[in-house]
Amino acid sequence: MSESGPRRMTRREAMELIGLSAACAAAIPRAGFAQTLPFPKGAIIRTLFKDYAPEELAGGATLFHEHMSLGPDFNDKFRAASAAVRAAQGLPALPPRAGGPPAAPPGADPMRDVALMAEELATAKRDGVACIVDGGHPDMGRDLSFVRQAAMKSGMPVVAGCGFYSQPFYPKEISTMTEGQIVEALVRQADEEPAGAFGEIGSWDEMTVDERKVFRAVGKAHTLTNLPIFTHTGIPGKAAIEQLDILEDAGVNPNRVAIGHLGNLVDPNVYVHKTICRRGAFVAFDRQGGNGDAQQVPLVMSLIEAGFADRLLFSSDASRGYSKTLTVFVPKLKAAGVTDDVLHRITVDNPRRFLAFVPKRPRKKS
Ligand SMILES: [Zn+2]
């Protein structure tokens, strides 16, 4: 599915449309939004309790990659997987948490207490968040009924992700399942929850045989459902391009894909980031609002200056304190010179453009 019908306008056509000659347009800083077109007819954003017209969620930011529920052993498994990869490569061990999800501050864990989690969501709402995506699924130990209860109590529209996470987390059947069986399992999950995205779908180091199989299956499940896809990259940026290649080969339009955790890929030339943007996919800066911000602000600035603001997605991949993308990270970009208009479009418009899809299967009656 194209996000906007037949094709996007060229920059020249867009400028002519608003009465500017191409010569004059060259003097205008390229924010990268002139060619943004409306949502396709029939597009919806699928949350746990209802399908929204994308316009209904325009009153605030959408955080496209957070977590409201993960298994109690998730963080230990995550650290063990990262440490194993580094050891296998002969790299020194990382300090705790580096490159991974931000540490939860001390105190009671909202992931184990529905009332606390509902409070977290209510706070995010007050801070200007209109919708949150939960990027978990069963192999990450996500408890969907917990997420439902917190969404219900807080009134926050929550999009549920679904899928299979990455090799260290796969259920053991994955290695013996055929690609077709995985496609069926993915579509079943998507129907049952109901899910509004496939994600987070990941690889850890070099993509394994099973990870490639799962990515192909996710691509095929997308063609049956139209659900957008967001990914997890492990070692900074590794496999980012390969993930997009596999999905595209399976029939997915890149504009339905967000390649994740690319704030960890520190490259002043932003080559991989720009390649992904040029191919039409979204580049995700999704661990915002913490120590990693300093390295990410220049990356984001380079991409905005290169005209790719309409390809950026921000989120925090957090388990509490969800609004810090807006309250901590966005002010840093503002201080670096990004206008309110561009920030609004990145935080409010881009995630809705990413999440909105024309369903191919009816929503399950609840
Ligand atoms: Zn995540």
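Which side chain of opposite charge is nearest to D286, and how far away is it?

1. This is a predicted model, in which local features need pLDDT of at least 70 and side-chain atom pairs count only at pLDDT 80 or more, while totals for chains, interfaces and linings use all residues. Residues are numbered from 1 along each chain as its sequence is written, and side-chain values use heavy atoms, with hydrogens and water left out.

2. The nearest side chain of opposite charge to D286 is R287, at 5.1 Å, where Lys and Arg count as positive and Asp and Glu as negative, with His and the chain ends not counted.

3. D286 lies in the loop between β9 (282–285) and α10 (293–305), helices (H or I, at least four residues) and strands (E, at least two) being DSSP runs numbered from the N terminus. The D286 side chain makes a polar contact with that of H261 at 2.9 Å; such a contact is a pair of N or O atoms within 3.5 Å, and within protein one must be able to donate a hydrogen and the other to accept it, while residues adjacent in sequence count only if both atoms are side-chain atoms.

4. S203, placed in strand β6, counts as buried because its relative accessibility is 0%. Its side chain makes a polar contact with the side chain of Q243 (3.0 Å), although S203 and Q243 are 40 residues apart along the chain, with their C-alpha atoms separated by 8.3 Å.

Methods:
Buried < 20%, exposed > 50% of the residue type's maximum accessible area, 1.4 Å probe, protein only. Salt bridge = Lys/Arg side-chain N within 4 Å of Asp/Glu carboxyl O.
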